[in-house]
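Here is a short report on selected features of one structure. Look at the sequence and the 3D view first, then read on.

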Amino acid sequence: METMNLHDGNITHLLESRGIDFRYDFNQKLQMHSSLIRRLSHERELEGHDGCVNDVSWNSRGSLLISGSDDGHINIWSYAGHRLLHSIESGHSNNIFCTRFVPETSDELVVSGAGDSEVRLFNLSRLSGRGLEENAIAPSALFQCHSKRVKKLAVEVGNPNMVWSASEDGTLRQHDFREGASCPPAGASHQECRNVLLDLRCGAKRSLADAPKQLLALKSCDISLTRPHLFLVGGSDAFARLYDRRMLPPLTSCSKRMKSPPCVNYLCPMHLSERGRASLHLTHVTFSPNGEEVLLSYSNEHVYLMDVDYGMFSPSGGSAIQYTSGDVSKLMNPSPFLNVMQVQSSNGSQNGPHTKTNVTSTINKCRELLKIAEKSLTEGTNYFYGIEACNEVLNGHVCEIELTLRHDCLCTRAALYLKRKWKNDVHMAIRDCNEALRIITTSVRALLFMSEALVQLGKHEEALDFATAAQCLDPYYFEVTEKVENIKRHLAEVEAERGNKGNNGAHKSEPRGARVLSLSDIFYREMNSDAPQEGPRSEREDSDYDEELELDFETSISGDEGQDVESNTLHGSLNLRIRRGESNRESRGANGSSGSPTSSSLNDRVPYQPEAAIDMRQRFVGHCNIGTDIKQASFLGLGGKYVASGSDCGRWFIWEKRTGRLIKMLAGDETVVNCVQCHPFDCVVATSGIDNTIKIWTPTASVPSIVAGGAAGPETADVLDVIESNQRRLCRNRETILPIGLLERIQMQELTEGSLHPFECAQS
C-alpha cells in the first residue's frame, strides 16, 4: 500500500546525519534504501550467452560478474565497463548450473558445476593476452566424483583452497585444491575420493516425525559469512538443514554408505512439515549477511524467512521458535482447549503494555490501518491490501500496540486469509486464531474463524467443536449459530452417504488386490528409488527448465465461495499402467553414490526420536515458483532489510523483510526469472533466467513506483492481476510438475487399467 511508510527511515535525514552520528554504518543503511528500491529500473542487458543463464555471482569487490549458461560457457563481465571480458569454453557436456569466484585469489580462479556431474576449476590468468575468440583453456582441476547433477557451489570468505559442491546424488563434497587436481569418474573401480562432507543418500524425510530414509537430492547450499563453520543445505524434501562443520565426522568416501549425520537444526514452516508431498522441495537456501536469518525458497510454494537458533553460538541465545511433531499435530488437528462452561466471557480486559494517557500517533496509525483492513473484509474487495495493513500493524509495530488491538488485528487478518484463499492462507489463519486465543481465551471471533479454517481443510468434526464453543460463549451470534448448523448438516450428509455405500457399494466397487496408489505415492517413490537410469539421457533431461512437463489437473481451486470452476474445467480421464523392471532393483556399482542406500536398517535398529524444527517468522507471497528448481530468493544489500525472488511469470519481486510487504515488481524476462543477485556495495541488482541475457537494474527511474519493467513498466493496477494469476497457478498445479526423465522411466505396461482413478484436467 502506497500510503504506508517503510521502516528504513527518511533517506534525506540519513544523509544529513551521517557526518554527525557515528554509531551506524550509513553505507549499509543507504545501499538498498526503500527510496532507491522504488526507483529501480532496467538499465542495460549483458549479451554474450547462447542459452539460458542459470547463475550469476559477483566477486567480493563488486568489480566483476560471473555467469554460467546452458551454452556451456562461463562469462566474466566488467561491472564498470558493462562489457564481456572473457568467455570460457568450460568443456562441460551439460548445462552449467553454478559458478563462483574463488576468494583471495585476485579473482583469477573461478569454479563451475554442471549437469554432467563435474566440478571444474579454471585459472583466468591463462587467458591473459588472448582475444574473446580464443577462449578454450584446460581446467586447472577436474572433479568427477559426483554421480548426478551439481546444482550449487559454496565458497568460504578468506579461504582460497576449498570449494563445496551440492549434488542431486545426495552428497555435499569438499574439494581441497591442495590435495589434488582431479579425481576419477563416479563408479570407477579405483575411485576412492575421501571428500564427502555430508552423506544424505538416506536423509530425506516426508514429515518431521518420520525417520530419514530416502535419497535427499541436494539443490542448494550456503555458508554463513559471519560463522563459516555453519552450513545450510536444502533439497528434495521440505526441510532445510543447518550443520556445524566442527561437529561432523571426518571426510569419507562414497563407497561406504553412512547414516545421515545429525544436524544442528531442521528449518521448515510448521504447516509444511507434515505434508509429505513429492512436489514440495527447496530450490534455494541462503544466509542473511549477518548470519542470523535464512531464506528458504520452495518449489510450488512461497518464500519463507527463518531465524537461526544458534543456541550456544549466539551471545544472546537463539530467538527462533522451535516445534516438534507433537506441536504440529496440535496445530493441524486442534480441539478447543477451554471448558466454555467454566470460563467467563472476556470483553477485552486483558491489555498488553500499558499505553500512555495521550495515545501516540503510532497507535492511532495502527487503528487506522485496522479500519482499512476491516473495510476490505466488509466490502469483500482488496483482501491483499487488507492483509498488508494487518501485517504493518502486527509486524511493524509489535512492541508498541496493546494486546487488545493485537487480538483484533489477528482476527481480522485470519478472516481476510479465509476469504482470499491463496495457497496456505488457511494455515496462516489457523496460526492467527491460535495466537488470538492465547491473548483472549474466550474470543468468539477467533473460535469462529478457527472453525471456518478447519472446514476449509475438511476437518469438520474439529470445526464443530470450535463452532460449538463459540456458540456457548455467544448463543445469540447468528453467524456462529449458522456455522454450527451447516457443519452438523454436512456431517449428517457424509454419514448418510457412508451408509448408502455400505449397503449397495459392494457390487459396484472395483476389485483391488492392494492399496490404490496415488500419483504422489508413485512419483515420490520413483524419484527417490535406487533404480539406475538406463540408456543415454535425452537432450530435454539436460535442461533444468526444459526437463519439466506440466500437467494441470483440478485439485481444490482457491477462490471465493460460490465460484464457478466448471467452465474452466476440461473433463477427462487418465489411466496409467506402470511397470518397474526387475533391473531397477539392482544396486549401483561399488561406489553406489547415485541411489538411496539400501541399508535402511541403519535407521530401523534403534527407535527413531523425531527432532525439533525451527518455524517460520515471515512469509513472502506474490511470485510463482513451479517451472524450475534453481529459482533463487536473496537478501538485498549489506543490511539484508529487503528480500527478492524470481518468478515463473517473467517478473521478479521485492518485499520488505520486516512486514512481508510487496514494494516492487519488475519485468525481468520473457519467460522465467531464476537468479537475483545484489551488488556487494552499490544499489545494483543483476537478474537472469530463460533469456540469453543478464539484466542490470539501477535506481534510475524518474518517479518511484511499485512496478517497473523495461523503459515503461506496467500500470500499478496490474500488480494484483499478476500476483493473483501466480497464486491461481500455484493452487492449480499442486503435485503436477513431473520430470521428463521420470516419465521416461515409467513403462506403461503392467498395472491393471483403471487402478489409478480418473481425474479432471483443468485448462492451463
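## Ground rules

Helices (H or I, at least four residues) and strands (E, at least two) are DSSP runs, numbered from the N terminus. This is a predicted model: local features need pLDDT of at least 70, side-chain atom pairs count only at pLDDT 80 or more, and totals for chains, interfaces and linings use all residues. Residues are numbered from 1 along each chain as its sequence is written, and side-chain values use heavy atoms, with hydrogens and water left out.

## Two serines with positive phi

Start in the loops. Ser117 lies in the loop between β7 and β8 (119-123). Its phi is positive, about 75°, although Ser117 is not a glycine. Ser106 also has a positive phi, near 55°. Ser106 belongs to the loop between β6 (96-101) and β7 (109-114).

Are these serines buried or exposed? The terms need cut-offs: buried means under 20% relative accessible area, exposed over 50%, and partly exposed in between (1.4 Å probe, protein chains only). Ser106 is exposed, because its relative accessible area is 62%. Ser117 counts as buried, because its relative accessibility is 5%.

Strand β33 covers residues 693-698, and six of its six residues are buried. Both faces are covered. On one side sit Thr693, Lys695 and Trp697. On the other sit Ile694, Ile696 and Thr698.

Which strands does β33 join? Two strands pair if DSSP finds at least two bridges between them. Strand β1 (residues 41-47) is joined to β33 by six bridges, and the two run antiparallel. Here Glu45 stands opposite Lys695. Strand β32 (residues 685-689) is joined to β33 by three bridges, again antiparallel. Here Ala686 faces Ile696 as its opposite residue. A hairpin of three residues connects β32 to β33. Strands of a sheet pair through backbone hydrogen bonds, either parallel or antiparallel.

A cavity is a set of points on a 1 Å grid over the protein atoms alone, where a 1.4 Å probe fits but cannot get out; lining residues have an atom within 4 Å of a point. Grid points are joined across faces, edges and corners, and a volume is the space filled by probe spheres set on the points. The structure holds five cavities of 30 Å³ or more.

β3 (64-69) and β4 (73-78) each supply at least two lining residues. The lining has seven nonpolar residues, two polar and no charged. In this count, Ala, Val, Leu, Ile, Met, Phe, Trp, Tyr, Cys and Pro are nonpolar, Asp, Glu, Lys and Arg are charged, and the others, Gly among them, are polar.

## An open sheet

Six strands form an open sheet in the order β15-β16-β17-β18-β25-β22, with mixed pairing. Its edge strands are β15 (218-223) and β22 (322-323), and each pairs on one side only. Two bridges join β22 to β25 (residues 613-614), which run antiparallel. Gln322 stands opposite Ile614 in β25.

## Aromatic rings

Rings of Phe, Tyr and Trp (its six-membered ring) pair if their centres lie within 6.5 Å; planes under 30 degrees apart count as stacked, over 60 as edge-to-face and the rest as tilted. The structure holds 10 aromatic pairs. One of them, Tyr298 with Tyr304, is edge-to-face, at 5.8 Å centre to centre and 80° between the planes. Tyr298 is buried, because its relative accessible area is 0%. Tyr304 counts as buried at 0% relative accessibility.

Phe384 and Trp422 make a tilted pair, 5.9 Å centre to centre with 35° between the planes. They link distant parts of the chain, 38 residues apart. Phe384 is in helix α6 (residues 383-396), and Trp422 is in the loop between α7 (403-420) and α8 (425-439). Phe384 counts as buried at 7% relative accessibility, and Trp422 is buried at 9%. Together with Tyr385, they form one aromatic cluster.

## Charges over rings

A charge sits over a ring if NZ of Lys or CZ of Arg is within 6 Å of the ring centre and within 35 degrees of the ring normal. Arg420 lies over the face of Trp422, at 3.9 Å from the ring centre. The charged end of Lys205 sits over the ring of Tyr266, 5.2 Å from its centre.

Methods: 1 Å grid on protein atoms, 1.4 Å probe; cavity = no way out; pocket = protein on both sides within 12 Å on 5 of 7 lines; lining within 4 Å.
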